[in-house]
Amino acid sequence: MVMRAIIAGCGGYLPATRLSNDELAALKGLDTSDAWIRERTGIGFRHIAAADETASDMGAAAARQALARAGADASEVDAILVATSTPDSAFPATAARIQAKLGVTKGFAFDMAAACTGFIYAVGVADALIRTGQARCVLVIGTEVYSRILDWTDRGTCVLFGDGAGAMLLRAGEGEGTTADRGVLSCHMHSDGRLGDILHIEGGAGSTGGAGLLRMAGKEVFRHAVTKLAAVVDEALAANGLGHEDVRWLVPHQANRRIIDAMGKKLHLPPERVVVTVERHANTSAASVPLALAEACGDGRIRPGDLVVMEAIGGGLTWGAALARF
């Protein structure tokens with residue numbers, strides 16, 4: 001018998017304010033249109049956090065839904081991992097603030113910074129904590145308020161991102177050590193710091209005294225996304241002796257419809273087996289994969305026994321994939 005991190009429940013949260021492409025163009029005076037944005041990205045809307053709404057507020061809301069869907073109480077949680085590039089503060093960690101908001105009084109909480117790949121990284125760490133007996137019930141959360149780090153005069157970036165949060169509750173459970181086990185089968189994480197400048201946030205507390213705005217070389221990021229995501233998904237399947245035909249669902253990072261479609265084709269998956277939510281909330285960075293999971297689990301598409309591939313790429317450059325049986 002082996003210890004597995006079993007996915008007990010997923011939750012999501014989106015701020016109340018929703019901006020369409022045309023509303024965004026008019027509000028910010030951008031030289032763009034709904035047709036221009038949809039054709040290049042597949043995005044139709046994004047959600048914007050309220051002035052008094054923080055990453056910890058949204059993360060806590062997503063966590064509450066994950067707990068409710070799992071039939072769990074916050075008192076069961078003994079670890080909280082939060083992936084975010086937009087923390088409430090340098091410290092205490094946004095995870096610790098969520099811990100307090102949920103009323104969790106035991107265990108530990110910490111943040112992870114891997115940009116859009118952060119949720120995949122956090123799942124990998126949570127899986128390791130459970131496998132080694134360091135924790136038995138772990139909340140993994142991705143939460144972002146990118147609206148506060150965007151250059152609203154740059155149509156190449158500001159139309160791409162939105163705010164939101166997603167969460168997953170992982171519980172320790174026994175498996176037989178085969179790919180038929182429920183739970184996380186494996187996680188595969190990579191980074192290449194030489195590519196850090198193609199997608200980054202200017203400055204920081206330890207350099208300029210505070211974070212600046214997001215900057216991206218779009219064509220370079222797109223080129224690396226397609227090749228690196230395909231390679232890491234193949235790596236995850238090969239590590240488990242599985243093939244493309246074994247995958248029931250692809251839940252990709254919701255960054256760009258073109259990248260999502262390319263990944264579906266490489267896995268030989270029909271469009272109806274790829275979870276796509278980018279049209280409704282744009283790229284929410286570390287929150288995008290758990291938001292997509294929350295929707296697909298909530299509406300019954302993902303069912304017990306389904307083999308699911310999750311993947312993402314982000315600033316760092318970071319990229320990774322997680323393979324799990326629900």
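How many helices and strands make up the secondary structure of the protein chain? The chain comes to ten helices and 13 strands, where helices (H or I, at least four residues) and strands (E, at least two) are DSSP runs numbered from the N terminus. This is a predicted model, in which local features need pLDDT of at least 70 and side-chain atom pairs count only at pLDDT 80 or more, while totals for chains, interfaces and linings use all residues. Residues are numbered from 1 along each chain as its sequence is written, and side-chain values use heavy atoms, with hydrogens and water left out.

The overall dimensions come next. Along the principal axes, the C-alpha atoms fill a box of roughly 60 × 45 × 40 Å. Of the 326 residues, 58% count as buried, that is, under 20% relative accessible area with a 1.4 Å probe and protein chains only; exposed means over 50%, and partly exposed lies in between.

Within this fold, five strands form an open sheet of mixed pairing, in the order 1-7-6-4-5; two strands pair if DSSP finds at least two bridges between them. Strand 1 (2-13) and strand 5 (108-112) stand at the edges with a single partner strand each, so one side of each is left without a neighbour in the sheet. Neighbouring strands are turned by 20° against each other on average, direction ignored; the axes are lines fitted to C-alpha atoms, for helices over the stretch in contact, and angles run from 0 to 180 degrees between N-to-C directions.

Strand 1 pairs with strand 7 (residues 163-175) in the antiparallel sense over eleven bridges. Ala-167 in strand 7 is the bridge partner of Gly-11. Helix 3 (residues 55-70) packs on the sheet, touching strand 1, strand 6 (137-145) and strand 7, and its direction makes about 120° with that of strand 1; contact means heavy atoms within 4.5 Å. Helix 4 (residues 94-102) lies across strand 4 (79-83), strand 5 and strand 6, running at about 140° to strand 5.

Phe-108 is partly exposed at 30% relative accessibility, and Phe-110 is partly exposed with a relative accessible area of 29%.
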